[in-house]
Amino acid sequence: MKVSTVFCLALLFFSLGGQLALAADVKLPPPQTEGGMGLFEAIKKRSSAQGSSYNSAELSLEELSTVLWAASGLNRPDKWTVPMAMGAKPYCKIYALGSDGAWLYDWADHSLKEVAKENLKPKVGAQDFVERASYVLIFVSDPSGLKSFGEQKTQDQLAAVLVGAMTQDVYLAAAALNLKARYVMSLKAPVVKEGLKLADGENPLCLLVLGK
Ligand SMILES: Cc1cc2nc3c(=O)[nH]c(=O)nc-3n(C[C@H](O)[C@H](O)[C@H](O)COP(=O)(O)O)c2cc1C
């Protein structure tokens, strides 16, 4: 590769704040599924990062892949890393917001599907550190997967239980990978719904703010 090409690529990389621009749809690299920190050490280390500690350092795609897989990836041919009521397919969706767009996590083929080209991080949270995250995960209840579970109250409970399991897995994966994580409930729901083009009845439940 010519020196000028390397220079241009480096310029592009740093102009994006060190984050490699993701394509529209991204096949994620395989998640880390063995080795690394032991479970009990990760539980011992689990904590919420201080908002003031978020900086411009970016997660690698491998780290994002492992975190998303921990949240709701397949760990058996037809079952997931978190328990689903009646073994149903995941009834909460996970969106990943980065500096150059927003993507829906597709657990079936462990990929990201683009939903926006805009950096939504500065808009979705009520606290200023959210925009300094490398990625902001947004957990959204999916009425199409929940409707078979009966009344609204039951559906809301099931979604809350699932998001609790998903976010705890993210916290533990983040601890094991030495990443920053913070569960954040304060979010701007109308902005999230518009930015992610959510359907009627799809409700953003929380953010998980990731950094390095
Ligand atoms: C349901 C829930 C909602 C939370 N909402 C916010 C929030 O809106 N903003 C924030 O900065 N932290 C939020 N947090 C993070 C808590 O403040 C944090 O977990 C708590 O201080 C305990 O710290 P630890 O996670 O390190 O044990 C939330 C945590 C939970 C469990």
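Helix α3 passes α6 in a right-handed crossing (right-handed if the near helix is turned clockwise from the far one by less than a right angle, left-handed if anticlockwise). Helices are DSSP runs of H or I with at least four residues, strands are E runs of at least two, and both are numbered from the N terminus. The model is predicted; local features need pLDDT of at least 70, side-chain atom pairs count only at pLDDT 80 or more, and totals for chains, interfaces and linings use all residues. Residues are numbered from 1 along each chain as its sequence is written.

Two packed helices are described by the angle between their axes and the distance between the axes. The axes of α3 and α6 come within 7 Å and cross at roughly 145°. Axes are lines fitted to C-alpha atoms, for helices over the stretch in contact, with angles from 0 to 180 degrees between N-to-C directions. On the α3 side, the contact is made by E63, T66, V67, A70, A71 and S72. On the α6 side, M166, D169, V170, L172, A173, A174 and L177 take part. Contact requires C-beta atoms, placed from the backbone, within 7 Å. By class, this contact has nine nonpolar, two polar and two charged residues. Ala, Val, Leu, Ile, Met, Phe, Trp, Tyr, Cys and Pro count as nonpolar, Asp, Glu, Lys and Arg as charged, and the others, Gly among them, as polar.

Helix α3 spans residues 61-72. Its twelve residues reach 17 Å from first C-alpha to last, close to the expected 16 Å (1.5 Å times one less than the number of residues). Ten of the twelve are buried, so α3 is largely enclosed by the rest of the structure. A residue is buried with 20 or more other C-beta atoms within 10 Å of its own, exposed with 12 or fewer, and partly exposed in between, all C-beta atoms being placed from the backbone. Elements covering the buried residues include β4 (92-98), β7 (135-141) and α6 (152-177). E62 also lies in α3. This residue is partly exposed, with 14 other C-beta atoms within 10 Å.

Helix α6 has 26 residues and reaches 37 Å, close to the expected 38 Å. N178 follows α6 and has a positive phi, near 65°. Within α6 sits L158. L158 is buried, with 21 other C-beta atoms within 10 Å. Neighbours within four places in sequence aside, L158 is in contact with A85, Y91, L146 and F149. L158 and C92 are 66 residues apart in sequence and 9.5 Å apart in space, C-alpha to C-alpha.

Methods. Two residues are in contact if their C-beta atoms, placed from the backbone, lie within 7 Å.
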